[in-house]
Amino acid sequence: MIALGLALNLAGLGLLFWLTVALAIYALPLFVAVNAAVMALDRGSGITSALTIAIVSAALTLAIIQFAHSVTRLVIVRGAIGAVFAIPAGIAGYHVTLALSQMSVTSPFWCEAFACVGATFIAGKAWMQIAAPNGPSGSQPGPVLPQAGLADERREE
């Protein structure tokens, strides 16, 4: 029973870390959405309108950044856009990794060390998803293979 509990605990922690890495690219739109909702609530709007403003602002932020990334061809600008996404992702990754490491590690030094490594990993993943030279998908064209007819003619000569 203890082994099953340990295995499920490890699987749960791994799932949380995978989810954090997979959703790291959306830390900036989430940050913008939360700030827009808080500002809307401070100005006297209701919860429904604040939620609508948050969703619209997050979608617009993501769309504008993705459009700017797809339009520009300068590597420096693409790197800056990647940094804009990587910094909030690194901050979020630091706090999530720190919380997860505090569940199982008793030493504060090792908790901070794991949090710094996790933040670096998650920020790098967000950077690579946005600032990849071939776009967020990272798909690169395959090798150019010779055509069958040309290869046969060369062998005959």
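In the predicted model, the chain exposes about 10,900 Å² of accessible area, and carbon and sulfur atoms supply 74% of that surface. Of the 157 residues of the chain, 31% count as buried.

The secondary structure consists of six helices and zero strands, and the pattern read along the sequence is accordingly α-α-α-α-α-α. Among contacts between residues at least 6 apart in sequence, 62% join residues that are at least 24 apart.

The axes of helix H2 (residues 27–42) and helix H4 (residues 75–104) come within 8 Å and cross at roughly 75 degrees. Crossing angles of 65 to 115 degrees count as roughly perpendicular, and H2 and H4 are therefore assigned to that class relative to each other. The contact between the two helices involves Ala27, Leu28 and Pro29 on the H2 side, which meet Val84, Phe85, Pro88 and Ala89 of H4.

A nonpolar patch is also found on the surface, formed by Leu15, Trp18, Leu19, Leu23 and Tyr26. Together, these residues have about 530 Å² of accessible area. Leu19, one of the patch residues, is located in helix H1, which spans residues 2–22. The relative accessible area of Leu19 is 39%, and this residue is therefore classed as partly exposed.

Definitions and conventions. Residues are numbered from 1 along each chain as its sequence is written. This is a predicted model: local features need pLDDT of at least 70, side-chain atom pairs count only at pLDDT 80 or more; totals for chains, interfaces and linings use all residues. Side-chain values use heavy atoms; hydrogens and water are left out. Patches are made of residues with over 30% relative accessible area and no salt bridge: like charges are joined within 9 Å, nonpolar side chains (Val, Leu, Ile, Met, Phe, Trp, Tyr) within 5 Å. Accessible areas come from the Shrake-Rupley method with a 1.4 Å probe; for residues, only the protein chains shown count as cover. A salt bridge is a side-chain nitrogen of Lys or Arg within 4 Å of a carboxyl oxygen of Asp or Glu. Helices (H or I, at least four residues) and strands (E, at least two) are DSSP runs, numbered from the N terminus. Buried means under 20% relative accessible area, exposed over 50%, partly exposed in between (1.4 Å probe, protein chains only). Axes are lines fitted to C-alpha atoms, for helices over the stretch in contact, and angles run from 0 to 180 degrees between N-to-C directions. Angles under 35 degrees count as roughly parallel, over 145 as roughly antiparallel, 65 to 115 as roughly perpendicular and the rest as oblique. Contact means heavy atoms within 4.5 Å.
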